[in-house]
Amino acid sequence: MLDQARIVIIGGGAVGCSALWHLAKMGQTDALLLERNELTAGSTWHAAGNCPTFAGSLGVMKMQRYSADLYRRLERETGTPFTYNVTGSVRLAHTEDRMREFEHVRSWGRREDMPVEMMSVADIEDAYPFIETHDLRGGFWDAHDGDADPASLTQAFATGARALGARIRRHSAATGIRREGDEWVVETTQGDVRCEIVVNAAGYYAQRVGAWFEPFGARRVPMCVLQHQYLLTEEIPELEGWTHENGRKVPLLRDPDVSYYLRQEKAGLNLGPYERGGQGAWMDGSMPDDFSFQLYPDDLDRLEPYIEDACARVPLLASAGISKVINGPIPYAPDGLPLVGPMPGVPNAFEACVFTFGIAQAGGAGKVLAEWITEGATEWDMWAVDPRRYGGHLGQDAVNARGLQVYRHEYAIHHPRHAWPAGRDLRLSPVDDRIRAAGGQMGSFGDWERALWYARPGDDTSEAASETFDRKGPWWDAVAEECAAVRDSVGVIDICGFSRFNLDGEGAAAWLESKMSGRLPKPGRVGLAYFADHRGRCVTEMSVIRHGTDHFTLITAAVAQLHDRDWLTRDMPEGVTLTDHTDAFDTLLVTGPEARVLLQRIATDYDLAKPWLTHGTATVAGRPCHLVRVSFAGDLGWEIHAANEHVPALWDAVSAAGARPFGMIALDSMRLEKGWLAWKQDLSTDYTLRELGLARFMRDPGPEPERRLALLRYEGDLDPLYMANVSAGGAIVGEVTSAGWGHRSGMALALAMIPAGLDEGTALIIDVFGESVPANVLAGPAWDADFARIRA
C-alpha cells in the first residue's frame, strides 16, 4: 500500500533522528524517517562520540556549540536517558602558529560567550594530571567539551520525535525514488511512500542514495569513505583512583600537532589518531549493500607511532593493555565538512550527510536542516556546509584524493595563503599553460585554477613556505610589483570560472527586477544586483550586463555557480530561460592608467571613450569579444569576455602590448583599498543589505541600521583573520570580514562590521591572534576616493 508523509528522511543515524526531532519541534510532525536496519546501524554505532565546540569555521563552531548546549538539556526535553559527559578539553600547542590558531578561535568564543581560554604550560599541568609538558608552548581550554553516547543520543532524538507525532520505520530500506507530478515517491522494501520533501541522511551510503536523484538534475554526492581506528585500554588503577578522589573524569586531551585525541573511557583511556597514512574504504566500488553494525579488521601497526607519542605524553597510558580496537567506516567530503542544505539542482530535496564528526554536529545540523525546510533560510550563514559549494565536475578520484588529504591532516592549521595540493587541476583556464610558464602560483576558486601570484626567479615556491600567518611570505615582493604595475601602468589578470548565465525571454526583465533589491541597468549598461532573503539578509550579488530589453548576462562568483543557479531557477516563469555558459567563456581584466592606450593598439572597432559601467561587442587582436568597463582592482580598466577558443590569442596580444600579469592576492589587496566586497567573506546572510552599505542598490532601503560595514586602517605586522573581534572601550563591538595590506595605499586595511555611530577617526582595537592592534575608521576608500582614476 502507498504510505504518505510531507517529509521523508532516509537514514536513521544521529543526524537523521536529530533532523526529525527538530522538524517536529518546528511543527513539521507529518514526517517519516526510514532506516534499513536498526537506528544507529551505520557510522553512529561505532562513533567515539567526542563533542568539541572548536572548529575552523565560525558557522560550524556555532553548529557544534548549539549541539553542546542542547545535549546538556536533551534528557529533560525528551524524557529519555542520555549519557553525556562534560569533561572539558585541553588542546596542546607545540608551535607559535598553533598558538595563533588557538588565539583566533578563542576570539570567536569570546564573542559567542563561550567558556574557552588560552592555557600556559602551567595551566595545562594544573588541568591534566599525568601529563609531560616539557616541549609545549601552551594550550587551549574548552570547558564545554566532552563526549556523548551515540546510541542514547540517537534514541533521545527518536523518542522525542515520536512523542511529538513524527514517525520512524525501522527495517524499511529505501531502494529508489521516482517523481510523480510535484511529488516524490520513495520506494522501500515495505512499500512506496509519497511525499513532498526528501532528505538524504544516509551516512556513508549517501552517495548511493544521491544517485537516485541524478536523473532529476542532481550532481553526484561528493564523498568518499575512509577507515578510522581508535583503541580502548584496559582499566588503569591510577586513573580510577584519581577519578574516585576528584569525582570527575580527566579532561579530553588533544595533540593536534601529532594528530590524536586521548579520552578517559570509564577507568581506561580511548586513543584516537588521525593517521598520516589514512586508508580508504571501498574505493574500488565494493561497498556491500548492508554493512550495519560491522567493522573492518584492526591494524594496530598503523597506530604504532601515535601510541608511542601518546605514551610519552601521558606515561600512564603505557601501563595499560589494549582491550579493544574499533576500525569503522567514516564518510568524508573533499573539505572534511558535511553537506547540510538544499540538494543542488533538485526541487524539494535536501542533504544532511557526509558527517565526519556526526555526534558533535548532529544537534546543530538538525536545527540547520529544519530551518532550511521550514523557513527557506538558516539563522547563521552556513555556506561552509552548504551542499551547493560543490558542483558536478568533481570526479571520484579527486574526491578520494581530497578526502584522504583532509583525514591525514585533520588537525592541520589552515594558513590564509596555503593551497592544498590534492585533487586539483580540475577546471583550467584556456591560458593555464601561459600563466604557469610565467610563474603563476595557483590557487583553487570553485575548483577553477587561478594564479595567486607570479613567482620571480629565486622566489620560494615550496608548499611549506606558504604555511605561515606572516604577511610577508614569499609572495610579498612579487605582489607589491604586481600592484605597482596596475598603479603606474597596466596589468592583466585571468579570472577564469566566473559563473555566467544568459537570461532571455519575454518578461525576463520584469521577473529579474522582481527578485532583486534594486533597479536594472539600461541596455548597454552594466550594474550590480543584490538579492535578499525574507529577512533582508544578503543572499548573493550578481553583475548584470544588459544587452537588450529582455536579454541579460549575469556574472557571479566562481564558487556560487550552483547556489545562484538554484536561486534564479526556483520560481522562473514560463517563457524565460536561463542558460549556463560558465564552461564556455573566460574573462581577462586589463586595468591601470595605461589600459586605454594598450587597448587602442589592439582593439580595432570599439569606442574606448565610452564611460564607466558600459559594455559592447568588439574585435580585439582580431578576435571577437565583449568589453565591459569595470575593474574590481579599482582603476581604469575593461573586462574582456570571450569564448575560450579566442582567449589565448587575446592573452598573447595583451601581454605583448605591455600588460604585466597579476594574481588574486594583488587583486584582493586592491579591492580592499576601494572597500569593495567579496561574496561569502563580506557578503553573507549574517548581514542585511542595509548593514553592508548597499542602500544605493535598493528600491526600499528601510530605516538606518544599528551597525554598518566600514573600512578600517590598522597597525601591526600581522593581518587579522575572518571574523576577528573589533573592540571599543574594552567591549567587543564588531568583527572583521576581510583584511590585508593595501600595496598602493601603503596601509593595512580591514572591512569590519561595527556600530553605525562609530564615525571617521574613531579609535578601535582589532584582536589579531590575541594581540590588541590599534585601528581607526576611515571615511571612505583608501585609494582613488573620488573615483577619478576609474572614471578617467
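## Helices α14 and α19

The crossing of helices α14 and α19 is right-handed. This is a predicted model. Helix α14 covers residues 476-488 and helix α19 covers residues 664-674; their axes come within 9 Å and cross at roughly 60°. Angles from 65 to 115 degrees count as roughly perpendicular and those under 35 as roughly parallel. The two helices are therefore oblique to each other.

On the α14 side, the contact is made by Val479, Glu482, Cys483 and Val486. On the α19 side, Ile665, Ala666, Ser669 and Met670 take part. Sorted by class, the contact of α14 with α19 has six nonpolar residues, one polar and one charged.

## The six-stranded sheet

Six strands make up an open sheet, in the order β30-β31-β32-β29-β23-β33, and their pairing is mixed. The edges are held by β30 (615-620) and β33 (660-661). Each of these two has a single partner strand, so one side of each is left without a neighbour in the sheet. Strands of a sheet pair through backbone hydrogen bonds, either parallel or antiparallel.

Within this sheet, β31 (residues 623-628) pairs with β32 (residues 637-643) in the antiparallel sense, over three bridges. Val628 has Glu639 of β32 as its bridge partner. Helix α17, residues 595-602, lies across β29 (585-591), β30 and β32, and runs at about 40° to β32.

Gly341 stands opposite Glu351, which belongs to β20.

Six residues lie between the strands of this hairpin. In the hairpin, Gly345 takes a positive phi near 85°.

## Aromatic pairs

The structure holds 28 aromatic pairs. One of them is formed by Tyr66 and Trp380. Their ring centres are 6.4 Å apart and their planes stand at 65°, so the pair is edge-to-face; the cut-off for that class is over 60 degrees.

Tyr66 is in helix α3 (residues 58-71), while Trp380 is in the loop between α11 (358-375) and α12 (396-408). The pair therefore ties together parts that are 314 residues apart in sequence.

Technical notes: Residues numbered from 1 in each chain as written. Predicted model: local features only at pLDDT ≥ 70, side-chain atom pairs only at ≥ 80, totals over all residues. Heavy atoms only, no water. Pairing = 2+ DSSP bridges. Helix = DSSP H or I, 4+ residues; strand = E, 2+ residues; numbered from the N terminus. Contact = heavy atoms within 4.5 Å. Axes fitted to C-alpha atoms, helices over the stretch in contact; angles between N-to-C directions. Parallel < 35°, antiparallel > 145°, perpendicular 65-115°, else oblique. Left-handed = near helix turned anticlockwise from the far one by under 90°. Nonpolar A, V, L, I, M, F, W, Y, C, P; charged D, E, K, R; others polar. Phe/Tyr/Trp six-rings, centres within 6.5 Å; stacked < 30°, edge-to-face > 60°.
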